[in-house]
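Here's a quick tour for someone meeting this structure for the first time. Have a look at it, then read on.

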Amino acid sequence: MKERWITIFLDSFWKILLPGLKLTLPLTALSFLFALIIAVMVALIQFADVKGLKQLARFYVWVIRGTPVLVQLFVVFYGLPSLGILLEPFPAAVIVFSLNEGAYASETVRAALEAVPKGQIEAGYCVGMSWLQIMRRIVLPQAMRTAFPPLSNSLIGLLKETSLAANITVAEMFMSAQRIVARTYEPLLLYLEVGLIYLFFCTILTKLQSIGERRLKTYGGTK
Amino acid sequence: MSLLEIRGLRKSFGSLQVLKGIDLDVNTGDVVAVLGPSGSGKTTFLRCLNFLERADEGSYTFDGKVFDLGKMKKQDIAGIRRKTAFVFQNFNLFANRTALGNVTEGLITARKMTKPEAERIGREVLDKVGLSERYDYYPEQLSGGQQQRVAIARALATDPEIIFFDEPTSALDPELIGEVLNVMRELASEGMTMLVVTHEISFAKQVSNRVVFMENGMVLEAADSGEFFAAPKEARVREFLRTLREHGN
């Protein structure tokens with residue numbers, strides 16, 4: 001019994017890890033990159049109080065946060081084809097996770113923008129800088145430093161959330177484990193194993209976060 | 001000829017009228033102290049002059065050009081801001097820039113100077129305010145007095161025709177006030193035009209050549225400094241000065 005477990009564990013390790021490296025990580029990285037771009041734009045639109053666009057941004061955040069990501073995956077992958085929009089599983093997953101994470105991250109970035117003292121913006125105007133220059137060179141760098149820990153949190157959350165992509169036939173880590181379960185009838189062993197590999201990935205991200213926090217410019221502070 | 005001439009400046013926040021028609025003249029080389037109790041509208045008035053607040057109406061003459069405060073265009077504001085500078089009560093230094101970076105930021109981004117050129121000017125003005133040893137310090141590493149001197153250097157760097165000071169020493173510990181006032185005193189002696197909202201009566205007395213006393217959103221008295229402190233015309237001003245004296249100012 002024990003021997004069988006060890007054999008299955010070792011045999012399936014690479015069969016789970018490999019899709020992790022080939023699908024779970026790229027899916028996470030790509031989605032998070034796009035999510036960050038969306039988040040900064042959506043946060044800036046609200047921060048700047050751009051008429052019309054601000055309402056649109058709030059609407060986007062409201063809809064995305066108010067619906068399950070699983071539903072969003074199904075709508076995009078299984079629903080959109082009826083409108084003639086056919087997407088491959090992987091791009092569909094990237095789109096959904098980017099939009100989903102973007103909405104959450106935009107709130108993080110918005111809060112971080114609000115935390116930069118307004119006086120610095122006024123000082124920027126007084127030395128002749130434009131709003132965009134002030135945002136790019138003064139406010140955003142400080143805000144992104146503040147947002148780094150909560151955004152790292154989101155990244156770790158996203159990595160695990162990508163397991164939902166199995167539902168739209170992306171053969172990532174979780175789906176690989178499911179397939180092996182179907183073959184070996186060892187659900188306990190394999191689900192624990194895939195969990196362990198997620199834990200391993202997240203541990204690396206956690207380490208990267210603390211390295212990042214230490215490296216982040218502290219602007220002369222002791223923090 | 002006046003460098004800055006304000007007529008009938010009005011400003012309301014909602015239904016509350018905080019500035020009820022202010023007139024002001026500042027000549028080149030003037031040091032004008034704006035005094036008055038808190039809530040009199042001094043700071044709002046100063047902020048209107050650099051468009052950090054938008055006045056509702058009034059005329060604004062700067063460098064011979066007349067503007068209608070109710071209809072300021074973006075370019076007009078940018079043009080005036082190029083020739084003026086502002087020093088805040090809370091310094092408002094860019095927290096992610098060193099002392100030198102704070103001073104050069106506007107020169108590089110807004111005035112399109114090269115970095116070496118901006119840094120040459122930056123070092124020059126930081127030397128002037130006595131911070132030659134602190135070029136690479138971040139605001140967080142500086143004392144309040146040093147931060148405010150960096151802010152003054154930042155104002156000087158753009159070679160303004162007038163500097164607006166909004167209670168520049170109010171946020172400082174008592175022992176740090178002197179170093180900031182000394183820098184301002186030196187600027188005054190070099191002929192820099194300054195408009196200073198302040199509670200430092202002794203500074204106003206020694207350094208300013210004109211005083212404007214505000215209360216309830218109006219100018220109650222405007223006079224030459226000597227005249228103002230020797231023989232204030234308004235009873236309210238006499239009372240204000242007496243109260244300050246009693247509190248050891």
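Let's start with a loop: Asp63(B) sits between β4 (57-62) and β5 (65-68) of chain B; helices (H or I, at least four residues) and strands (E, at least two) are DSSP runs, numbered from the N terminus. This is a predicted model, where local features need pLDDT of at least 70, side-chain atom pairs count only at pLDDT 80 or more, and totals for chains, interfaces and linings use all residues. Residues are numbered from 1 along each chain as its sequence is written, while chains are lettered from A and ligands numbered from 1 in the order in which they are written.

Another loop, between β7 (162-166) and α6 (174-189) of chain B, holds Glu167(B). Most residues other than glycine have a negative phi.

| Residue | Phi |
|---|---|
| Asp63(B) | near 60° |
| Glu167(B) | near 40° |

Are they buried or exposed? Asp63(B) is partly exposed because it has 14 C-beta neighbours inside 10 Å, and Glu167(B) is buried because it has 21. (Buried takes 20 or more other C-beta atoms within 10 Å, exposed 12 or fewer, and partly exposed lies in between; C-beta atoms are placed from the backbone.)

Now for a helix pair. In chain B, the axes of α3 (residues 99-109) and α4 (residues 115-128) come within 9 Å and cross at roughly 130°. That makes α3(B) oblique to α4(B), oblique being what is left after under 35 degrees (roughly parallel), over 145 (roughly antiparallel) and 65 to 115 (roughly perpendicular).

Notes:
Axes are lines fitted to C-alpha atoms, for helices over the stretch in contact, and angles run from 0 to 180 degrees between N-to-C directions.
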